[in-house]
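Colleague: I am new to this structure and would like to learn how to read it. Could you walk me through it, one feature at a time?

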Amino acid sequence: MIHRCCVIALVVVMGLMFVVSPTKAGNTVGGIVQNAVTANGNGTALTVFGTFLVASYVVSGTFVATVNYEGAGADGTYQSIGCVPATGGATVSSTTTTGAWRCNIAGLISLRGRVSGYTSGSVTVSIQASD
């Protein structure tokens, strides 16, 4: 259940609804961290408070680039995190295609979807964390 006092905005990406909130609301937090970007960049960090266990990354758009799944602990240093495609498969720390991935984020304070190797198109990355 989402309480009105805690929600800033609801965002729909590829038919999935994300709650963008500065506080933990309904045991989820999420939002767009790269919005139709056309260059390399870190994007916007999503604060996950160190209390969530898993995150879903959704990558969309038509692009030639790499999206890197990264998380930071209390020291603020971002490192690669391992994620599994929602359809199953091997653990990866980046992608060059669209889709959805699930990642173990226990103990992390913030997440981002860093874009590197950009050549063309636009890429959008959304993250939703839950316990």
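This is a predicted model: local features need pLDDT of at least 70, side-chain atom pairs count only at pLDDT 80 or more; totals for chains, interfaces and linings use all residues.

**Reading the model feature by feature**

Modeller: Residues are numbered from 1 along each chain as its sequence is written, and side-chain values use heavy atoms, with hydrogens and water left out.

Colleague: Thanks! How many helices and strands does the chain come to?

Modeller: Helices (H or I, at least four residues) and strands (E, at least two) are DSSP runs, numbered from the N terminus. Here the count is zero helices and 10 strands. Among contacts (heavy atoms within 4.5 Å) between residues at least 6 apart in sequence, 70% join residues at least 24 apart.

Colleague: What share of the residues is buried?

Modeller: Buried means under 20% relative accessible area, exposed over 50%, and partly exposed in between, using a 1.4 Å probe and protein chains only. Of the 131 residues in this chain, 39% are buried.

Colleague: Which residues touch the most other members of the largest nonpolar core?

Modeller: In soluble globular proteins, nonpolar side chains tend to be buried together. A nonpolar core is a set of buried Ala, Val, Leu, Ile, Met, Phe, Trp, Tyr and Cys residues joined through side-chain atoms within 4.5 Å. In this model the largest one has 25 residues, and I81, I105 and L111 touch the most other members. Strands β3 (28-37), β5 (54-72), β9 (99-104) and β10 (110-130) each supply at least two residues of this core. The largest share, seven residues, comes from β5. If we leave aside neighbours within four places in sequence, the contacts of L111 include I81, I105 and I127, as well as Y78.

Colleague: Y78 again! What joins the side chains of S110 and Y78?

Modeller: A polar contact of 2.7 Å joins them. Such a contact is a pair of N or O atoms within 3.5 Å; within protein, one must be able to donate a hydrogen and the other to accept it, and residues adjacent in sequence count only if both atoms are side-chain atoms. S110 lies in strand β10 and is buried, with a relative accessible area of 11%. Beyond its neighbours within four places in sequence, S110 is also in contact with residues including A45, L46 and G71.

Colleague: How many aromatic pairs does the structure hold?

Modeller: Rings of Phe, Tyr and Trp (its six-membered ring) pair if their centres lie within 6.5 Å; planes under 30 degrees apart count as stacked, over 60 as edge-to-face and the rest as tilted. The structure holds three such pairs. The rings of F49 and F52 have centres 6.2 Å apart and planes at 45°, so this pair is tilted. F49 is partly exposed, at 30% relative accessible area, whereas F52 is buried at 1%. Y69 and W101 form a tilted pair too, at 5.6 Å centre to centre and 45° between the planes. Because Y69 lies in strand β5 and W101 in strand β9, this pair ties together parts that are 32 residues apart in sequence. Both Y69 and W101 are buried, and ring pairs link Y57, Y69 and W101 into a cluster.

Colleague: Is T62 buried or exposed?

Modeller: T62, found in strand β5, is exposed, with a relative accessible area of 67%. T62 and G121 are 59 residues apart in sequence and 5.5 Å apart in space, C-alpha to C-alpha.

Colleague: Finally, what is the phi of A36?

Modeller: Most residues other than glycine have a negative phi. A36 is not a glycine, yet its phi is positive, about 50°. A36 has its place in strand β3 and counts as partly exposed at 40% relative accessibility. F49 also has a positive phi, of about 65°, without being a glycine; F49 sits in the loop between β4 (46-47) and β5.
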